[in-house]
Amino acid sequence: MFSWTRTETEIAVSWLLVACLVAAGAVGLRSGAYPMAVFALLSAGLAAAPAVFTRERRATLPWPVVGLAAVAALGQRFTQFDGVATYVWVVAVTLILVVDLQAFTDVEMSSRFSAAFVTTTTMAVGAVWTVLRWVSDAFFGTSYLGGVDPVMWELVGATVVGVVVGVAFEYGFHGVIDAGVERRLDRGERR
C-alpha cells in the first residue's frame, strides 16, 4: 500500500507543513499575535524534534498529525473561529507529543493508554493555557478572556474537547498514527 515514493511524498508533505507552521509563527511574532506564534513555533519544534535529535530527515511525524496543527494555524489566522482553532491546536500539540514519544523513544503505550494520555494531556494543556491567559488579563491588562466566567467555560470546553479527542483517537486517528509509526519502525528509524 505504501511504496517508497509515497513515503517520500509523505515526508515532503510533513516538512512542508512544518515550514508552514514556522511561517505562521513568524507572522504571529511580527503582527503581535503572540499566542498564535507560541503555538505555531511549539508545534513546529515538537514536529521537527525527532529529525533534529536523530539527524535523520526521514524521522518525521505522519503528515495528518502535523496537518492538524497547520489547519489550526490557518483557522486561527484567517477565520473568526479562533477559539475553536485554539482547542484544535491544543489537540494537535498533544497528538504530536504522543507520536513523538511513541515513535521515537523507548516509550510504548497501549492503544487505550495512549487515548487516555491524549485526553488528559489535552485537558491539562487547555487548562494551563486558560490559566495563563487569565493571569495575563489580571496582571498585565490584556483582554484574552475578560472575566472569571469565561475561564470556567474555557475549562469546561477543554474537558469536553479532551474527552471527544480521546474517543476519536481511540476509534479513528490511532490507526493513522500507527501506520506511520509502523513504517518508521520497519525501517529501523527508532532510536
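Helix 5 supplies the largest share of the nonpolar patch, three residues, where helices are DSSP runs of H or I with at least four residues, numbered from the N terminus. The patch covers about 600 Å² of surface and is made by W134, F139, F140, V148 and M152. Patches are built from residues with over 30% relative accessible area and no salt bridge, with like charges joined within 9 Å and nonpolar side chains (Val, Leu, Ile, Met, Phe, Trp, Tyr) within 5 Å.

Before going further, please keep in mind that this is a predicted model, in which local features need pLDDT of at least 70 and side-chain atom pairs count only at pLDDT 80 or more, while totals for chains, interfaces and linings use all residues. Residues are numbered from 1 along each chain as its sequence is written, and side-chain values use heavy atoms, leaving out hydrogens and water.

Take M152, found in helix 6. With a relative accessible area of 45%, M152 is partly exposed; buried means under 20%, exposed over 50%, and partly exposed in between (1.4 Å probe, protein chains only).

In soluble globular proteins, nonpolar side chains tend to be buried together. Here the largest nonpolar core has 35 residues, and L21, L61, V66 and W89 have the most contacts inside it. Helices 1 (4-31), 2 (34-54), 3 (63-78), 4 (82-104), 5 and 6 each supply at least two residues of this core, with the largest share, 11 residues, coming from helix 4. Such a core is a set of buried Ala, Val, Leu, Ile, Met, Phe, Trp, Tyr and Cys residues joined through side-chain atoms within 4.5 Å. Leaving aside neighbours within four places in sequence, L21 is in contact (heavy atoms within 4.5 Å) with residues including A40, V66, A73 and W89.

Charged pairs come next. The structure holds three salt bridges, each a side-chain nitrogen of Lys or Arg within 4 Å of a carboxyl oxygen of Asp or Glu. E8, R57 and R58 are linked in a network. E8 meets R57 at 3.2 Å, N to O, and R58 at 2.4 Å between the closest N and O atoms. R58 lies in the loop between helix 2 and helix 3 and E8 in helix 1, so this pair ties together parts that are 50 residues apart in sequence. Both R58 and E8 are buried, whereas R57, at 46% relative accessibility, is partly exposed.

The remaining bridge joins E154 and R133 at 2.7 Å, N to O. This pair links helix 6, which holds E154, to helix 5, which holds R133, across 21 residues. R133 counts as buried at 13% relative accessibility.

Conventions. Areas by Shrake-Rupley, 256 points an atom, 1.4 Å probe, with all protein chains shown as cover.
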